[in-house]
Structure formats: C-alpha cells, structure tokens
Amino acid sequence: MRVAVVGQGYVGLPLALAASRVGHNVVGIDSNPELVALLASGKSPILDITDGEIDVAIKSGSYTATTESHSIKDSEIVVICVPTPLDDSHNPDLTSLESAIKTIATYLAPGTLVINESTVAPGTTRTLLATTLEATQLPFDLAYSPERIDPANKKWNVTNTPKLVAGLTESAAERAFNFYKSFVDSVSSGSSLEVIETAKLLENSFRLINISFINEVAQFCAALDIDVREVINAAATKPYGFMPFYPGAGVGGHCIPVDPMYLSTKAREIGTPSRFIELAHDINLSLPSYFAGVAKGVLGELNGKRILVVGVAYKPDVADSRETPAWGLIITLRAAGANVFWHDDLVKSWKNETSSAIDGSYDLAILANPHTDTKLELLGNTPILNSRGGY
Ligand SMILES: NC(=O)c1ccc[n+]([C@@H]2O[C@H](COP(=O)([O-])OP(=O)(O)OC[C@H]3O[C@@H](n4cnc5c(N)ncnc54)[C@H](O)[C@@H]3O)[C@@H](O)[C@H]2O)c1
C-alpha cells in the first residue's frame, strides 16, 4: 500500500521503516528540513535505527523522506506521528496535531484511511481529527492506534510489541487492523476510539504514579538509613501482586511526565479529578529540591561548590533529553549558588552547553541517568550521590 507517515521522529521513523520492510511504499513527511536532509542522506537521527537500515530502505525504493505534504494525496493510508507535548503551564499542547490534520485535510484523497498514533486525551480523535476531515466533505476512514515504542529497549520493538487499534467506524477499525497486521505480530481492537485513547493514557499514568511512589519510598528509606534497592528486591521475591519500580532523579521523556497530564486535564474538565496523577506529578516536580537538599547535607554548603551531574538524557542509553529530570536538578543547584557542570556520553551538547569531562575535580557528582558505558571510575574519590538509590 502507499503509506504516508507524518512526523519522522522517535515514533514515525521506526514505524515508516517497519512498514517499508514488508513491502509498503512509504513516504516519511516531516516539517523539519534538517531532519529530512539527514534521512535523505541515509543517516539515522536516533540510536535504535542504524544508518544501514535507512540506506537499505531508500535504495530499495520503498522509503523516501520529504518536507513536501502533497504526497498525501497519493496515499491510501496516512499515519500521524507528531508531538503532543505540554505547554509551559503543563497543559496539553495540540499545536502540531492541529497543523498536521489541517495539512492532511488539504491533500486528502477520497477513501483515505487516516490513523492517529499521537497520544491524545479521550475524545480528541473524534472531535478534533474527525471534524477537520469531515469539513472536506470527502469520504474517509479514521482510526486511532497508540504507539508503545520504548527507545533503547533491545527486546521490544515495533514488530513484536502488541498494538491496539480502534476506528471511527467498523470499516476504519478493520482497515487499520489489517494494515498493522502486515508488520506487527499481535494487534487487538477496542470497541471505540475513546477506549483505546484512554488505555494509552492509563499505561503511562500507571508508570508515573508507581515511579513517583517509589521515589517517595526512597526518601523514607534514606531517612531510615536503609537501602531502598534492597527493600525493592526483597519485595520483588513475591511471585504475584507486586511489580518492582526503581527510584531516580524523576521521570522524563516525551511520554511518562506528559501523557498523564492529558488524562488529568480531561478528568478536571469532566469533573472527576485524578488526585493520584496530580500528586504523582507534584512529587516528580519536587525531586530537584529534594536532591539539592541531600547534596547540601553532603557538602554542608552548595554556594561555590563544583558539582557534576552525570547523565542528562531522560533515561540511560538514549540521547533524548526531552523533559529530563536532570534540568530541574541543575537549575535548582545553580539557584543555590553551586557551580554545576554536566557529563553525558550520548548528549554531547544541550541547552547551549557542552558535556564536561568526567574526572576527580568535582566536590560532588550526582548520578542522574548515567549510561551503561559511562566510566564512573574516572570520578576517582569524588563523593557520589546516586539518585537511583544509596550513596
Ligand atoms: N518517544 C516515545 O518514546 C513515544 C512512545 C510512545 C508514544 N509517543 C507519542 O508519539 C507522538 C510522537 O512522538 P515522538 O517522540 O515521535 O516525537 P518527535 O518529536 O521525536 O517526532 C515528531 C516529528 O514530527 C515533526 N512534526 C511536527 N509537526 C509536524 C507537522 N505538522 N507536519 C509534519 N511533521 C511534523 C517534527 O519535526 C518531529 O520530527 C507523541 O504523541 C508521543 O506522545 C512517543
């Protein structure tokens, strides 16, 4: 089938390549010309995809990258994979999604199946997307299928991670099911768009709440001077009814701190506030001041102290620093007068700063998200505060 994937980031690119590998003719559309130039030259912007995979797809003629949206009119299926972040007040920001659906409506061909993969609050696919497409007065099908990709996960990828779909109509659901079945091992259908939109938010809200809970338990264990990781591993010997979550500097990335706010904003709108999510969000936002307090406890005084934050990506082994908890920590320490540097083997430059050397010249090193290959031994005798548990 002729497929257009709008947005060639962490979600859209792996999806486009997986579809192209099984013989679909895929065009990856992105509004970022630098990204498109990189892809067109056979270079991968993300660690999970090799340059070779892009090169093979381009040379086979089954994948092209472009900034031009007019190829939408030649596509039987258009998949939306654009960002759905939060604005400065932590409210959903649908600017990219609104812009993408307007462009799709402009070039819509009769009978096209449009699938939204961007995370949204329940009702958004039906109200925002269906309404915009209906205004074209052309026949179309519309489906929702949330993405579950977990960057740097070596076991679960686009093909073997089970996929959920739901359609505006039965025929839309069936077409989306058949499309994903051509390259995803397991696909399940939900009875409505809203069920599957909510399922996606439930998955990530579950993680936010549990990670925030364990971060609170970690503070309790630190106050008791016991090792939280030993406590978790002891509890995890229970073979049922317990799932281990591990502490850290806070949640980050484009999903876990963001998606639950789509649920809680909707929950407030309809008069059923989600106190769990709001509390978990508050705990997450409080972690920089907690760790700054611990650092002060170690050093006596933060003013003028040289502190190295190790690992500023949002999690180990990715180069993605979106919503990273390291930033809140860095600005909190700087506000207290500390001279803060950061080191990251994968994020080499960030916020107009560059990664500093990892060595023994600092008064304190705080481990935020060090990567597997980060050489912590180079810190020598530097005192280490490990946000993931223990000193
Ligand atoms: N990153 C993840 O691990 C992950 C996992 C599951 C779900 N999601 C969801 O998938 C969606 C996409 O996330 P992502 O991480 O791939 O984002 P991303 O920022 O990596 O990629 C999005 C791409 O869309 C492009 N874009 C933005 N507006 C556009 C437009 N109007 N037309 C064409 N291109 C446009 C951007 O230039 C960017 O390259 C989000 O809703 C996110 O919540 C992300």
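Which helix gives the most residues to the shell around the ligand? Helix α4, residues 95-107, with 3 residues. Before I go on, please keep in mind that this is a predicted model.

Let me stay with the ligand. In total, 27 residues surround the ligand, and the closest are V11, D30, T84, T119 and R322. By type, the shell splits into 11 nonpolar, 11 polar and 5 charged residues.

Now some individual contacts. D30 places a polar side-chain atom 2.6 Å from an oxygen atom of the ligand. On its own the ligand would expose 830 Å², and the protein buries 88% of that.

Next, the backbone. Q137 is not a glycine, yet its phi is positive, near 60°. Q137 sits in the loop that runs between α5 (124-134) and β6 (141-144). Is Q137 buried or exposed? Its relative accessibility is 74%, so Q137 counts as exposed.

K351 is also a residue other than glycine with a positive phi, in this case about 50°. You will find K351 in the loop between β11 (349-350) and β12 (353-354). K351 has 43% relative accessibility and therefore counts as partly exposed.

Last, the surface. F220, L224, I226 and V231 make up a nonpolar patch there, and together they have about 370 Å² of accessible area. One of them, L224, belongs to helix α7, which covers residues 193-224.

That is the end of my part.

Methods:
Residues numbered from 1 in each chain as written. Predicted model: local features only at pLDDT ≥ 70, side-chain atom pairs only at ≥ 80, totals over all residues. Heavy atoms only, no water. Patch = residues over 30% accessible without salt bridge, like charges linked within 9 Å, V, L, I, M, F, W, Y side chains within 5 Å. Areas by Shrake-Rupley, 256 points an atom, 1.4 Å probe, with all protein chains shown as cover. Salt bridge = Lys/Arg side-chain N within 4 Å of Asp/Glu carboxyl O. Helix = DSSP H or I, 4+ residues; strand = E, 2+ residues; numbered from the N terminus. Buried < 20%, exposed > 50% of the residue type's maximum accessible area, 1.4 Å probe, protein only. Near = heavy atom within 4 Å. Polar contact = N/O pair within 3.5 Å; in protein donor to acceptor, adjacent residues only side chain to side chain. Nonpolar A, V, L, I, M, F, W, Y, C, P; charged D, E, K, R; others polar.
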